[in-house]
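Trainee: Please take me through one part of this structure up close. I would like a single connected account.

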Amino acid sequence: MILLKFCGVLFMVNALTIGGGFAMLPLLHKEFVERYHWLTNQEFIDAFAVGQITPGPLTVMNAFIGFKLHGLSGAILAVVSSYLPGIIIVTLTAKYYYAYRESTIVTSAFKGIKPAVIGLLAAVAVSLGTTSLVDAGTLVIALASFTIITFTKIDPTFIILGAGLIGAVLF
Amino acid sequence: MLSFSSSQYYVLKYHTLKWFYHYPWAEYAEYDTLSPMTEQEDRRDISLRDMFLVFLKIGTFALGGVYSMLSFFEKELVERKKWLTHDEFIESVAIGQMTPGAPVVNTGICIGYRLRKIKGALATTIGQIFTGTVLAIILAAFYIRTKDNPLLRAVLKGVGAAVVGLLLSVIFKMAKQSVRDYRTGLFAVVAFVSLALFRLNPIGLIIASGLIGFVVFRRDNL
């Protein structure tokens, strides 16, 4: 039953979020952490970090969460329900590309959704920040990570791995 | 099947590119060289195995942001394998971006579908996510076993802080792109308050912002 709900949540989130893997975070956080309590805030942060340091899309973190909840079968079901909506919607869109592109409904709706997603992400950042920024050390790491990722072209993967290393030494 | 006159097509092309221009890979947009995407038949000369392997390579080695992923895509698919033209690639990127889900995966799905229909879409998706998924599962198994190890906790403490920094950076960059006036700013602020303070359901908030967006921005020329 949990597994079915889990797949349902993933399917829905993946079918509804426009704007990239990050746009899914607020929805996943709400469902997994706040509504169903399948993960703690800390575990959610860890899953997000795993999604970042593994190659491929951020959505890989869903496999991590699936495995944590229900072993290998959970991971596989997570993958299927994460990418199935994309496969269905993209193939349909590729077929009817021009009609879809031209539609004012789609473009104007996007124009509202994109900034809203930013607001939602900011709310998640606040929630995750209260869990992981607990002292001066973590605050400095977060600030440094923000600055480096925003203003240089260094791959975030290295920043996260580096922060892990610093953590091992420091804490 | 849908058909368009050439003037209709050029209007569309203009809108596509304008829309495109808000994105980091806008450099890909070249106004004058785009030709209409043609309905393509099944490319039987490209084997599903090859498609899987190329996308496995992309999914494994193309670390980094969207931009580096896409230049990697183009190098492999357009320049080396010549499976797509540059224009077809750009259009696949546009479709990948405007559909729900992870844009890079969706670009792959679109390319797979164009080449070998639904089987191709499956081959490219599986190839692209394979390495990351396997690694995530291995890490999860490791994580469950050693979660309370003090060294791992220390590592994750550093990682957790860096991840928040990363998230802030993403928010900052996205805001620079799509918060362009007081109306879009209001969408962002209202969404933030509704989730952070009133704990409203984000799925509902996204649907609502799409509906309100339609009402508010319907008359704008994008």
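**The contact between two chains**

Mentor: A:L92 lies in helix α4 of chain A; helices are DSSP runs of H or I, at least four residues, numbered from the N terminus. The model is predicted: local features need pLDDT of at least 70, side-chain atom pairs count only at pLDDT 80 or more, and totals for chains, interfaces and linings use all residues. Residues are numbered from 1 along each chain as its sequence is written, chains are lettered from A in the order in which they are written, and side-chain values use heavy atoms, without hydrogens or water.

A:L92 is partly exposed, at 47% relative accessible area (buried is under 20%, exposed over 50%, partly exposed in between; 1.4 Å probe, protein chains only).

Now the interface. Here 97 residues of chain B are in contact with 101 residues of chain A (heavy atoms within 4.5 Å). The area buried between the two chains is about 8800 Å², and carbon and sulfur atoms give 78% of that. Buried area is the accessible area (1.4 Å probe) that two parts lose on being put together, summed over both.

Across the interface of chain B and chain A the rule finds 10 residue pairs in polar contact, both at pLDDT 80 or more. A polar contact is a pair of N or O atoms within 3.5 Å; within protein, one must be able to donate a hydrogen and the other to accept it, and residues adjacent in sequence count only if both atoms are side-chain atoms. On the side of chain B that touches chain A, α6(B) gives the most, with 25 residues.
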